[in-house]
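Try each task before reading its solution.

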Amino acid sequence: MVILRIGLACLLCSLWTSQSFAQDLTPRLFWPTPKGTKVLITGYAYTRGDVLFDQSVPIEDADSSFNTGVLGYTQTLGLWGRTSNVLVELPYAQGSTQGQLQGEFARRDFSAVGDLGLTLNVNLRGAPSMTVEDFQAFRANPKPLIGVSLKVLAPTGHYNSNKVVNVGFNRWAARFKLGGIMLINPKLLLELSASAWWYGDDDDYLLGKKEQDPVYALDANLIKRIRPGLWAS
């Protein structure tokens, strides 16, 4: 049985700042769904203040205002007999940034598509590939879960080598995450994960070759199951 869902998500940090801060806010990343589930995802965020897409950009006194949106699609699979899903996401950004660049005032207006993201999540323990009936039984009596996730960002977004601020990053990036969900009680879950981002080099950066060390993160999410189809974290 194939289930089609349309989800609306408000992204808190946007997909682009996550490359710098490693802040992928994705609670219930390893929560299973029945095999064949399809989900269409849209998201929007408005950001204003002293923020940049890339915190390594040497702009002082930054003042930014931008709208970010994302369109995504995910499909649940049954890889190696385990619940798995693939997520494809494409961001878009429109706005402006201004500040002091090497002592001089600079402003950049932009409206462009960002880097394409591809994520594979695989359950290692607690959630074999499920039918709808299996999932309903799991939801009524959930078990502890362990899963892994691999996310890759491809340098497909708009990039201008003559500009310091860009929506696209012009480099490959990959994140590996290991996490699990533990039951405090049937309605309250604790999700813990550890992740690492690795980055390629940007050889076309205006101010010279850009390199970045790996970024490591630990995440914790407390998840309240309210009723089927409704939860808070």
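Predicted model: local features only at pLDDT ≥ 70, side-chain atom pairs only at ≥ 80, totals over all residues.

Residues are numbered from 1 along each chain as its sequence is written, and side-chain values use heavy atoms, with hydrogens and water left out.

**Exercise 1.** Find which residues make the nonpolar surface patch.

Step 1. List the members: L124, I146, L150, F176, L178, W198 and Y216. Together they make about 710 Å². (Patch residues have over 30% relative accessible area and no salt bridge; nonpolar side chains are joined within 5 Å.)

Step 2. Look at the strands (DSSP runs of E, at least two residues). β7 (145–154) and β8 (173–185) each supply at least two patch residues.

Step 3. W198 counts as partly exposed because its relative accessibility is 43%. (Buried means under 20%, exposed over 50%, partly exposed in between, with a 1.4 Å probe and protein chains only.)

**Exercise 2.** Decide whether L189 is buried or exposed, and find what it touches.

Step 1. L189 also belongs to β9. Its relative accessibility is 0%, so L189 is buried.

Step 2. Skip residues up to four places away in sequence; L189 then touches W31, I181, M182, L183, N221, L222, I223 and R225. (Contact means heavy atoms within 4.5 Å.)

Step 3. Take L222. It is 33 residues from L189 along the chain, yet their C-alpha atoms are separated by 5.9 Å.

**Exercise 3.** Describe the surroundings of D219.

Step 1. Strand β10 (residues 215–227) holds D219. D219 is buried because its relative accessibility is 15%.

Step 2. Leave aside neighbours within four places in sequence. D219 then contacts K177, E191, L192, S193 and S195.

Conventions. Patch = residues over 30% accessible without salt bridge, like charges linked within 9 Å, V, L, I, M, F, W, Y side chains within 5 Å. Areas by Shrake-Rupley, 256 points an atom, 1.4 Å probe, with all protein chains shown as cover. Salt bridge = Lys/Arg side-chain N within 4 Å of Asp/Glu carboxyl O. Helix = DSSP H or I, 4+ residues; strand = E, 2+ residues; numbered from the N terminus.
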